[in-house]
Amino acid sequence: MKILFASSEAHPLIKTGGLADVSGSLPRAILSQRQDIRLVIPAYRQVLERAGNLALAAYLKLDGVPNPVRILSGRLPGGNVKLYLVDSPDHFDRAGNPYTTRAGNEWTDNAERFAVFCRAIHALAVNAAGLDWEPDVVHCNDWQTGLVPAMLADSDTAPASIFTIHNLAYQGQYDWKTFNALGLPPEWWSMDAMEFHNSFSFIKGGLVFADWLTTVSPTYAEEICTSEFGCGLEGLLGHRRNKLTGILNGIDYSEWNPGSDLLVPIQYNRRSLFHKRENKHAILEHFALPRKEDAPLFIIISRLVEQKGIDLVIDILPYLVKQGAQLAVLGSGDKAIETALRKAAREYREHVGIQIGYDETLAHLLEAGGDLLLMPSRFEPCGLNQIYSLRYGTVPVVRSTGGLADTVVDTTPETLEAKTATGFCFQTASTAALWNAVQRAIKQYREPEGWNRIIDTGMRQDFSWKRSAERYIDLYRQVLDG
Ligand code: ADP
């Protein structure tokens, strides 16, 4: 099959979150199953700097876009996946991240930027770019690609479309004036199309018009059909439930493997777990925290936003400190959360370390040296860090929601005995429930036999992409077979 995979970010070229990990590794896994899959992303400044050799593949004259858009072609670094970059300097060649300025504000022209991206994807999808390559399936991801299924829906000869929801909370919503300025078909401003509570919703283009919908874990697929998690779109999703599949994300064990991870000081595996201690010391040194031999070290690597439940962690800090535990946090996001964490680090100098920012190497070190990962998300479509943690022998403490519920097995006397326990789970997004799980985890940490068993079981789990890639390929076939 020929598959065009469209995404607004892809590791290692550009990353703000889990979408980039998926877009960097799923196409590679699908390619290795001998499918002709090609990736298309915007040519952000950072992408152009990192992409290596590129060739000019096409010039596109797109409706409503004054300057021609170039399609550059190359390879996604670290593999052999063919890469197309949508090069429209007016829209993508600027400092900052794909969605926000350096100060963290949304780009004011995001609707226009991603409409241009969608128009370019559409041109590639219908073989109108002169590349002589006609995909059978276009696989779109998140709201930034949401217009594409709507653009393809009109034609019988267009490729099939799949739309994957990585996070339903981000919808790409704009007012009438913005919609009007985009020059899109006026009939799209309708409840049956992309109008949503008097605004224009990019994501609805995917949800309404794609031939099939997927999301990134089976539990999240159920959850988004309910009012608690559906962000107002639960009615529509419930209506499309028979064309909505949850496929768990995999992880790239060639990047996230403690036995071969060159980003950490000491590599280790299940049989040389004692080396984790040296990595732990490196973390403590990095955060200027004192060594306390019996203190469990909790880690957090996260966007600091309400979704991730970091406020709950801030609430339990006094108790955590009283128990002698330490916490190292890497993340950035909401200014109020950043400030609260900085304050905590000043107040509990020996126990709490914080680094605001994005740091790939430090993320690997934290996984390699931490004892426990905290991930008390209010919702979590899949979540990747808990899966990395399992492989690194860092025991996850998670809220049972979305992909967290699908990947972590709570420790009980029964699961410990059966050697299925891999972490600690709690149900309610409350301080009390989190604290209860953390206390259970600390108690277990101090009982080495059971603790080592939990680590060992976690490290044996296999969440590689192969199985998930096969499921996507089956789905492409199924959709093509009508
Ligand atoms: P989300 O996509 O909601 O941010 P995921 O758990 O799916 O959450 O993916 C987050 C990805 O981003 C992981 O690979 C994680 O290691 C990485 N990440 C998040 N914050 C940081 C940070 N501050 N520095 C380095 N990596 C980070």
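Author: A residue counts as buried when its relative accessible area is under 20%, and as exposed when that area is over 50%, with partly exposed in between. Please keep in mind that this is a predicted model.

Reader: With that cut-off in hand, how many residues of α4 are buried?

Author: Helix α4 is mostly covered, since 14 of its 16 residues are buried. Just after the helix, N127 takes a positive phi of about 60°.

Reader: Turning to the sheet, in what order do the 9 strands stand?

Author: Strands are taken as paired if at least two bridges are found between them. Here the order is β3-β4-β5-β2-β1-β6-β7-β11-β12, in an open sheet with mixed pairing. Because β3 (55–60) and β12 (244–246) stand at the edges with a single partner strand each, one side of each is left without a neighbour in the sheet. From one strand to the next, the twist averages 25°.

Reader: How do β4 and β5 run, parallel or antiparallel?

Author: Strands β4 (residues 69–75) and β5 (residues 82–87) run antiparallel and are joined by 6 bridges, and the bridge partner of R70 in β5 is D87.

Reader: Which strands does helix α7 touch as it packs on the sheet?

Author: Helix α7 (residues 202–209) touches β7 (160–165) and β11 (212–215), and its direction makes about 125° with that of β7. Helix α19 (residues 465–480) also packs on the sheet, where it touches β1 (2–6), β6 (137–141), β7, β11 and β12, with its direction at about 140° to that of β7.

Reader: How many salt bridges does the structure hold?

Author: A salt bridge requires a side-chain nitrogen of Lys or Arg within 4 Å of a carboxyl oxygen of Asp or Glu, and the structure holds 17 of them. One of these joins the side chains of D371 and K280, at 2.7 Å from N to O. D371 lies in the loop between α13 (360–369) and β16 (372–375), whereas K280 lies in helix α10 (residues 276–286), so the pair ties together parts that are 91 residues apart in sequence.

Reader: Is that pair buried or exposed?

Author: D371 counts as buried at 12% relative accessibility, and K280 counts as buried at 9%.

Conventions:
Residues are numbered from 1 along each chain as its sequence is written. This is a predicted model: local features need pLDDT of at least 70, side-chain atom pairs count only at pLDDT 80 or more; totals for chains, interfaces and linings use all residues. Side-chain values use heavy atoms; hydrogens and water are left out. Helices (H or I, at least four residues) and strands (E, at least two) are DSSP runs, numbered from the N terminus. Axes are lines fitted to C-alpha atoms, for helices over the stretch in contact, and angles run from 0 to 180 degrees between N-to-C directions. Contact means heavy atoms within 4.5 Å. Buried means under 20% relative accessible area, exposed over 50%, partly exposed in between (1.4 Å probe, protein chains only).
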